[in-house]
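Hi,

Here is the structure I promised to pass on.

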Amino acid sequence: MYVLKKMKHQKLFLIDGIGSFFSAFMLGVVFVNIERLVGMPRGILYSLSSIALLFAFYSLWNYSRKNNNWRPFMRGIAYANLLYSLLTIALIFSFRHSLTILGGIYFLFEILIVIGLVATELRSANNTIVH
């Protein structure tokens with residue numbers, strides 16, 4: 001995490017975008033094909049995948065823009081990621097009886113990564129030093 005603390009905002013948008021694409025792929029391509037091994041319904045997996053895909057496009061669009069007014073956009077994706085994590089937690093509880101160990105491990109790991117990224121993005125957006 002120390003490396004993320006010192007990272008420039010452009011790289012954070014890139015990391016967020018790539019990570020969101022990875023999540024979208026895992027949820028919308030891999031896990032829907034092994035739904036019973038994950039324990040989360042297919043419709044939920046597609047919905048989470050769609051959200052992740054939107055986040056990927058948003059972050060990569062911001063990465064490519066190289067805008068001097070990047071802070072509100074960084075805060076935007078950070079808060080969106082936080083809401084995504086809260087939604088995922090709610091879904092874990094909602095489907096706790098059908099969620100498998102594999103599904104639980106994946107979603108908990110994803111939440112931990114996203115929350116770490118949220119903290120780094122907010123720290124970067126609130127930093128008064130321009131990178």
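Below is what I found, starting with the ground rules.

This is a predicted model, so local features need pLDDT of at least 70 and side-chain atom pairs count only at pLDDT 80 or more, while totals for chains, interfaces and linings use all residues. Residues are numbered from 1 along each chain as its sequence is written, and side-chain values use heavy atoms, with hydrogens and water left out.

Helix packing

Helices here are DSSP runs of H or I with at least four residues, numbered from the N terminus. Two packed helices are described by the angle between their axes and the distance between the axes. The axes are lines fitted to C-alpha atoms over the stretch in contact, with angles from 0 to 180 degrees between N-to-C directions.

Helix α5 turns up in two pairs. With α6 (residues 101-126), the axes come within 9 Å and cross at roughly 155°, which makes α5 roughly antiparallel to α6. The crossing of α2 and α5 is left-handed, and α5 passes α6 in a left-handed crossing too (the near helix is turned anticlockwise from the far one by less than a right angle; clockwise would be right-handed).

Surface

Leu83, Leu86, Ile89 and Phe93 make a nonpolar surface patch of about 410 Å². Patch members have over 30% relative accessible area and no salt bridge, with nonpolar side chains (Val, Leu, Ile, Met, Phe, Trp, Tyr) joined within 5 Å and like charges within 9 Å; areas are Shrake-Rupley with a 1.4 Å probe, and for residues only the protein chains shown count as cover. Ile89 sits in α5 (residues 71-94) and counts as partly exposed because its relative accessibility is 32% (buried is under 20%, exposed over 50%, partly exposed in between).

Salt bridge

There is one salt bridge in the structure, meaning a side-chain nitrogen of Lys or Arg within 4 Å of a carboxyl oxygen of Asp or Glu. Glu35 pairs with Arg42, their closest N and O atoms being 3.3 Å apart. Glu35 is partly exposed at 27%, and Arg42 is partly exposed at 36%.

One more contact

Tyr58, in α4 (residues 42-65), is partly exposed at 26%. Its C-alpha atom is 7.5 Å from that of Gly17, 41 residues away along the chain.

Cheers

Terms used
Buried means under 20% relative accessible area, exposed over 50%, partly exposed in between (1.4 Å probe, protein chains only). Angles under 35 degrees count as roughly parallel, over 145 as roughly antiparallel, 65 to 115 as roughly perpendicular and the rest as oblique.
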